Amino acid sequence: MDKLMTAQEAVDRIRDGDRIMIGGFGLRGCPDSLVDALVASGKKELTIISNDLGSPNQGLGRLLTNHQVKALIGSYYNWNPEAIEAYNCGRIQVTLVPQGTLAESIRAAGMGIPAYYTPASAGTELGEGKERRIFQGREYVLERAIYADAALIHAKRADSLGNLCYSKTARNFNPLMAMAATYTIAEVEEIVEAGDLDPDTVVTPHIYINAVVRRLGI
Amino acid sequence: MRELSKEEKQIRIAKNAAALIDGDESCSVINLGVGIPTLVANYLTREKVYIMAENGMVGVGPMAAAGQAHPDLINAGRQPVLETRGCAYMDSAESFGMIRGGHVDMTVLGAFEVDEEASIANWIIPGGKQLGVGGAMDLICGARKVLAAMTHTGKNGLKLVKRCSLPLTAKGAVDSVVTEYGVFTFRDGKLHLKRIAPEISLEELRRITEIEFEAEAETPLMLV
């Protein structure tokens with residue numbers, strides 16, 4: 001299989017200063033082996049686009065503990081006090097985005113929609129400075145698509161082409177990020193031959209996937 | 001007026017919020033926030049009420065006991081949960097599409113403050129200890145009805161206030177408020193008391209509620 005490689009080979013494409021999407025919600029559906037490889041690579045000045053940042057020194061939190069983060073774009077950092085402290089001290093930049101807006105902006109990037117309107121954050125601090133518009137008497141704000149240089153995602157199962165199936169709530173942002181980045185690496189728990197996945201159960205078709213990595217410790 | 005323990009308050013709020021959902025046939029798809037709102041599930045009795053979690057699930061079951069937890073299955077509060085028969089999963093964009101698209105009938109959330117314009121502040125207390133909004137803004141904008149389930153007062157004072165002093169989560173969005181001392185609904189731009197706790201008089205309730213509210217002469221009692 002052309003796309004199968006080690007986590008280390010896969011993250012080698014990432015450059016210092018890249019914008020990287022990483023899937024997961026809490027610690028579920030997080031590509032831990034790829035994050036391990038990214039930590040080991042020492043790539044720095046990264047902008048991490050993710051729902052949250054795991055916990056201190058756990059999950060995505062390891063990237064911050066290892067001083068590889070320049071900026072965060074995401075919705076919820078209250079599970080990681082280290083991220084809050086780093087932001088308060090001015091060590092990292094943080095852009096807070098309502099969770100539904102984060103998901104939709106990533107989806108939009110993958111689907112060729114540069115911007116869209118949503119009611120979330122209208123009339124609040126997070127809506128300040130955004131273009132406003134009234135539709136049917138209700139206020140909306142303009143949100144732009146969020147793109148990335150690379151996406152690190154997690155899936156349950158891949159076939160040898162890179163078609164992906166997910167498991168339960170570990171799906172979350174992973175299929176969206178798969179479409180939104182220039183280079184997408186999927187970490188999976190199981191790899192089968194092309195033709196061995198029921199095509200009706202494939203959530204992410206293989207064309208979005210550039211590299212497949214087997215999750216370690218399975 | 002007897003002081004209630006923290007646990008008594010939480011259970012009472014959850015029970016009365018559940019009764020409000022049970023009594024509203026138009027509410028069948030609900031989202032429960034973390035804390036007291038999560039407890040609401042324990043007191044729902046009506047069949048065909050489906051709990052959705054914004055991390056991508058419709059048909060959330062009860063908390064998973066140790067040994068029952070599946071590594072890929074959590075609710076939006078990161079707690080391991082169980083499936084229900086007929087549950088379904090979706091990605092985060094569809095999950096929030098479901099919310100924003102008006103397919104979720106009610107969201108139950110905690111709140112720091114609710115004001116007389118039905119605006120709600122529940123995502124941040126400035127001071128640097130928090131950094132997160134999660135799905136609160138999308139949920140409050142998107143769900144058909146918004147129920148704030150919260151203690152009546154907080155350590156910083158009153159919570160049903162004339163005007164929110166904390167950063168807003170959404171303007172004019174709240175439909176009902178359930179506290180340990182009362183069940184309130186907003187109707188025609190005015191707050192109405194629907195039920196009152198047995199420990200408190202109407203005068204005492206007005207003293208700890210900055211929003212002026214309408215009340216019947218004989219307000220029914222809350223479930224205790």
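Colleague: How many salt bridges does the rule find across the interface of chain A and chain B?
Modeller: One. Keep in mind that this is a predicted model. The pair is B:Glu83 with A:Lys168, and their closest N and O atoms are 2.7 Å apart.

Colleague: Where do those two residues lie?
Modeller: B:Glu83 is in strand E4 (residues 81–89) of chain B, while A:Lys168 is in the loop between strand E9 (164–165) and H6 of chain A.

Colleague: And how accessible is B:Glu83?
Modeller: B:Glu83 counts as partly exposed, at 38% relative accessibility. A:Lys168 is partly exposed too, with a relative accessible area of 22%.

Colleague: OK, zooming out. How much area do chain A and chain B bury between them?
Modeller: About 3,300 Å², with 61% of it on carbon and sulfur atoms. On the chain A side, the residues that lose the most area to chain B are A:Arg28, A:Lys168 and A:Thr169, which together make up 20% of what that side buries.

Colleague: How many residues does the contact take from chain A and from chain B?
Modeller: Chain A gives 44 residues and chain B gives 38 residues.

Colleague: What about polar contacts between chain A and chain B, how many residue pairs are there?
Modeller: The count is 20 residue pairs, with both residues at pLDDT 80 or more.

Colleague: Which elements give two or more residues to the side of chain A that touches chain B?
Modeller: Those are helix H4 (81–88), strand E4 (93–96), H5 and helix H6 (174–180) of chain A. The largest share comes from H5(A), with six residues. By type, that side of chain A divides into 20 nonpolar, 16 polar and eight charged residues.

Colleague: Let's stay with H5(A). Is H5(A) mostly covered or mostly open?
Modeller: Mostly covered: 10 of its 12 residues are buried. Among them are A:Gln99, A:Leu102, A:Glu104 and A:Ile106.

Colleague: Why does the end-to-end distance of helix H5 of chain A agree with what it should span?
Modeller: Helix H5 covers residues 99–110 of chain A, and at 1.5 Å a residue its 12 residues should span 16 Å. The end C-alpha atoms are 17 Å apart, so the two agree.

Colleague: What comes just after H5(A)?
Modeller: There you find A:Gly112, which takes a positive phi of about 75 degrees.

Colleague: Which residue other than glycine has a positive phi near 60 degrees?
Modeller: B:Lys48 does. B:Lys48 is in the loop between helix H2 (36–39) and strand E2 (50–53) of chain B, and it is exposed, with a relative accessible area of 62%. Another case is B:Ala118, with a positive phi of about 70 degrees although it is not a glycine.

Colleague: Is B:Ala118 buried or exposed?
Modeller: B:Ala118 is buried, at a relative accessible area of 8%. B:Ala118 lies in the loop between strand E6 (113–115) and strand E7 (120–121) of chain B.

Colleague: Back to salt bridges. How many are there over all chains?
Modeller: By this rule the count is 21. One of them joins A:Asp16 and A:Lys44, with the closest N and O atoms 3.3 Å apart. A:Asp16 is in the loop between helix H1 (7–11) and strand E1 (19–22) of chain A, and A:Lys44 is in the loop between helix H2 (32–41) and strand E2 (46–49) of chain A, so the pair ties together parts that are 28 residues apart in sequence.

Colleague: What does B:Arg163 form a salt bridge with?
Modeller: With B:Glu117, the closest N and O atoms being 3.4 Å apart. B:Arg163 is in the loop between strand E11 (160–161) and strand E12 (176–178) of chain B, and B:Glu117 is in the loop between E6 and E7 of chain B, so this pair ties together parts that are 46 residues apart in sequence. B:Arg163 counts as exposed at 58% relative accessibility, whereas B:Glu117 is partly exposed at 45%.

Colleague: Last one: what polar contact does the side chain of A:Thr184 have?
Modeller: A polar atom of that side chain lies 3.0 Å from the backbone oxygen of A:Ala178. A:Thr184 is in strand E10 (residues 181–192) of chain A, and it is buried, with a relative accessible area of 0%.

Key:
Residues numbered from 1 in each chain as written. Chains lettered and ligands numbered in written order. Heavy atoms only, no water. Helix = DSSP H or I, 4+ residues; strand = E, 2+ residues; numbered from the N terminus. Expected span 1.5 Å × (residues − 1). Buried < 20%, exposed > 50% of the residue type's maximum accessible area, 1.4 Å probe, protein only. Contact = heavy atoms within 4.5 Å. Buried area = accessible area lost by both parts, 1.4 Å probe. Salt bridge = Lys/Arg side-chain N within 4 Å of Asp/Glu carboxyl O. Polar contact = N/O pair within 3.5 Å; in protein donor to acceptor, adjacent residues only side chain to side chain. Nonpolar A, V, L, I, M, F, W, Y, C, P; charged D, E, K, R; others polar.
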